[in-house]
Structures are given as structure tokens and as C-alpha cells.
Amino acid sequence: MAAEAKTKYDRDFLTSVYKEMVFGRRFEERVNQAYQKGKFAGFCHLHIGQEAVCVGVQRALRPTDYMISGYRSHTQAISKGMDPKAVLSELFGKVDGCVRGKGGSMHMFSKEYRFLGGHGIVGGQTPIAAGVGFAIKYDKKDDIIVCYLGDGACNQGQFFEALNMAATWNLPVLFIIENNQYGMGTDFRRVTSVDRLSKRALAFDIDNSEVDGMDFLKVYEHVGPIVAKMRKKPKPYLLEVHTYRYRGHSVSDPAAYRTKDEVAQFQARDPITTLGEYLKKSKVATEEDLKTWDKEIKDQLTEIEAFADASPKPALSELWDNVFAD
Ligand SMILES: Cc1ncc(C[n+]2csc(CCOP(=O)(O)OP(=O)(O)O)c2C)c(N)n1
Ligand SMILES: [Mg+2]
């Protein structure tokens, strides 16, 4: 019989959040291993270190809400509801992938789960998000769209245009800048006119704030009220989340532009360790439980990888399917 939990949160809620964050990390580690083994090629950007943002935001949403993102989006797609088998098969270029293996790492997409990509053009998702916001409002729905972008993307011109239209037309777009400190190898401070990226909202009179992205509870508690307010009265919001990617920009980047000390400082506030400690302190789980769950997740991933391995490649005859030009 488990001890009585000492937290205001439901035990099952916290357990599933923790498992989802561990799943995200182990998934990305496995993706990296598969890449190193030569199971697939091309671009591949991992989200390791940013799990509290992904899960914290997702838990504040409901299934009918939309999400759109950049290319660091494997685990965002899974959190939004997409089958990890479809995501891994997509990475491997197989027919069971979410877009039949033709998109790869940067093009996760699901109409069913309202995950609208996966975009490789930095900032390219921001005007699309404004368009979806317009559609939501036009249809008189109280859904919202979350538009993730990076600290690098927030210096792109199309982002400013998207902010302007979203503000002018009061569109329900929650722009979330995942400030992981770098755009490829460039420290955001070297290329950005403001010290705080939330200030990007000021020129457009958009409500804004910042939150610590290394802590699930902080993200979740911060985003919930923002979303609730947006549903009642549609208008955009700009949230800057302070986070960090532990790995290089992509799997082929050794990240020599930053110090080991800097990485260690963020890892000392690791979002999974922090939530694990909270679970133990509030008697939701024991150290043993955490280890068991980790093992279960690794076993689950072995099955998922076997599925993606076994999935066939698209037939050559499919080459021109879904291509609009003659
Ligand atoms: C329009 C455009 N310019 C440049 C690139 C090359 N590029 C790919 S990722 C990237 C950095 C973006 O950094 P950020 O927005 O901070 O996202 P992060 O990789 O940190 O998640 C750049 C410049 C691109 N894909 N698209
Ligand atoms: Mg960045």
C-alpha cells in the first residue's frame, strides 16, 4: 500500500508527467544511437534538456488545441498524441512514418492530433500559426494554437509580421520562445538587440512573460492561466521560456562553442531529476519506482525501434505521390 501523497497534485497525474518526460529523453537518446549506427541520415535535432517545456505546456492544453513548431519537435509531436512508432518510423524513412517516411526528422505532422509540423525554415511556422489562429477565430472556437520557436527564430522578419497580424486581429496564438541560449552555435546575446526575448512583444502591445523552463511545475502552473485567459478572450501572448539543450544543435555538432561548466550548471537543474526529487519528497514514488519506470520505458522503446526497423521503405512507385507539380 503506497504512502499517502503529500502534494496538491493527483498521484496519477504526477506519475504520468514524470514518465512522459523520461520517455521523451530516452526516445531522443535512442534516436541519437540509431543515427550513430547509420539507421538514418540527414538532419536530426534533439530536444534533450527541454523536456519540462514540452510536457509542461502540453499538460495545460486540451486535445482540440493546435501546435506548430520548428525542427526540434520529435517529442513535442509525441506529447501532442502522435504514436512514437509513427515518429520513429518517420525518422527512419519508413512507410509507417507519420508522412510515410518522406519528411524525416524535421517534418512531423498529424492532422488527427493537430500537430501542424515540424518546419525546417527558421521562423517559417510563425505566420502559419497566425493563419491557424485566424481560422480558429473565424470558426468561433475557443481553441488556441501554441507556436514554438527558438531564440534564433525570434530575430526573423516573418516573426514580427506574424506578431503584428496576431495582435491586430486578436488571434489566439500562444507564441512560446524556447530560449535555449543558442541558435546553432551563436549565443543569442550576440545577435539580439534585447536582453530579454519577452520584450519582443512590447512593440506589438502583446501580453508577455517569462518562466523557468527547467522545472515542470513552474511551466505548467504558469501556462495554465495564460491558456484559460486566451480561451475566454482570444488574443495573442508571448512567453519566453528559459531552457537549455544538453546536446549540440544537431547530432553532428560537437558544441565546442560553450564550456563544460555552462552545460553542468544547467544539468544541475535537470528537469527530470527535479521532478523525480519532488515525487520522492511528496511520497508519490520511491527511488525504486523511478528505476522501474525507467526500465519499463527502455523496454517499450526497444519494441518501438523493432517496429520502425521492420517497417518497409516506401516503394519507388510512390516517389511522385503527393507532389503537386507535374
Ligand atoms: C530561414 C533560415 N535561415 C537559416 C537556417 C539555418 N538554421 C537552421 S537552425 C538555425 C538556428 C535556429 O536557432 P533557434 O531558433 O534558437 O532554435 P534551436 O535550434 O535553438 O531550437 C539556423 C540559423 C534555416 N533553417 N532557415
Ligand atoms: Mg535556440
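Biologist: Which residues are buried in H8?

Modeller: Happy to start there! A residue is buried if 20 or more other C-beta atoms lie within 10 Å of its own, exposed if 12 or fewer do, and partly exposed in between, with C-beta atoms placed from the backbone. Helices (H or I, at least four residues) and strands (E, at least two) are DSSP runs, numbered from the N terminus. In H8, the buried ones are Phe216, Val219, Tyr220, His222, Val223, Ile226 and Met230.

Biologist: What kind of model is this?

Modeller: Residues are numbered from 1 along each chain as its sequence is written, while chains are lettered from A and ligands numbered from 1 in the order in which they are written. Local features need pLDDT of at least 70, side-chain atom pairs count only at pLDDT 80 or more, and totals for chains, interfaces and linings use all residues, this being a predicted model.

Biologist: Which elements do the buried residues of H8 pack against?

Modeller: An α-helix has 3.6 residues a turn, so residues three or four places apart point the same way. A contact here means two C-beta atoms, placed from the backbone, within 7 Å. The partners of the buried H8 residues are H1 (11-36), H2 (51-58), S3, S6, S7 and H10 (271-281).

Biologist: Which residues of H2 are buried?

Modeller: H2, one of the partners of H8, is mostly covered, with 8 of its 8 residues buried. They are Glu51, Ala52, Val53, Cys54, Val55, Gly56, Val57 and Gln58.

Biologist: Do S6 and S7 pair in the parallel or the antiparallel sense, and what is the handedness of the crossover between them?

Modeller: Strands pair if DSSP finds at least two bridges between them. S6 (residues 207-212) and S7 have 6 bridges in the parallel sense, with Ser209 opposite Leu239 of S7. The chain gets from S6 to S7 through H8 (residues 216-232). Seen with the strands pointing away from the viewer, a clockwise path from the first strand over the helix to the second is right-handed, and this β-α-β crossover is right-handed.

Biologist: Which residue in S7 is the bridge partner of Glu178?

Modeller: S7 (residues 237-242) has 5 of its 6 residues buried. S3 (residues 173-179) runs parallel to S7, joined by 6 bridges. For Glu178, the partner in S7 is Val241.

Biologist: Is Lys233 buried or exposed?

Modeller: Lys233 sits in the loop between H8 and S7. Its C-alpha is 8.3 Å from that of Pro172, though 61 residues separate the two in sequence. Because Lys233 has 9 C-beta neighbours inside 10 Å, the residue counts as exposed.

Biologist: What is the phi of Asn170?

Modeller: Asn170 lies in the loop between H6 (157-168) and S3, and 13 other C-beta atoms within 10 Å make this residue partly exposed. Although Asn170 is not a glycine, its phi is positive, at about 50 degrees.

Biologist: Which residues come nearest to ligand 1?

Modeller: Near means a C-beta atom, placed from the backbone, within 6 Å. Of the 14 residues around ligand 1, the nearest are Val122, Gly150, Gly152, Ala153 and Gly183.
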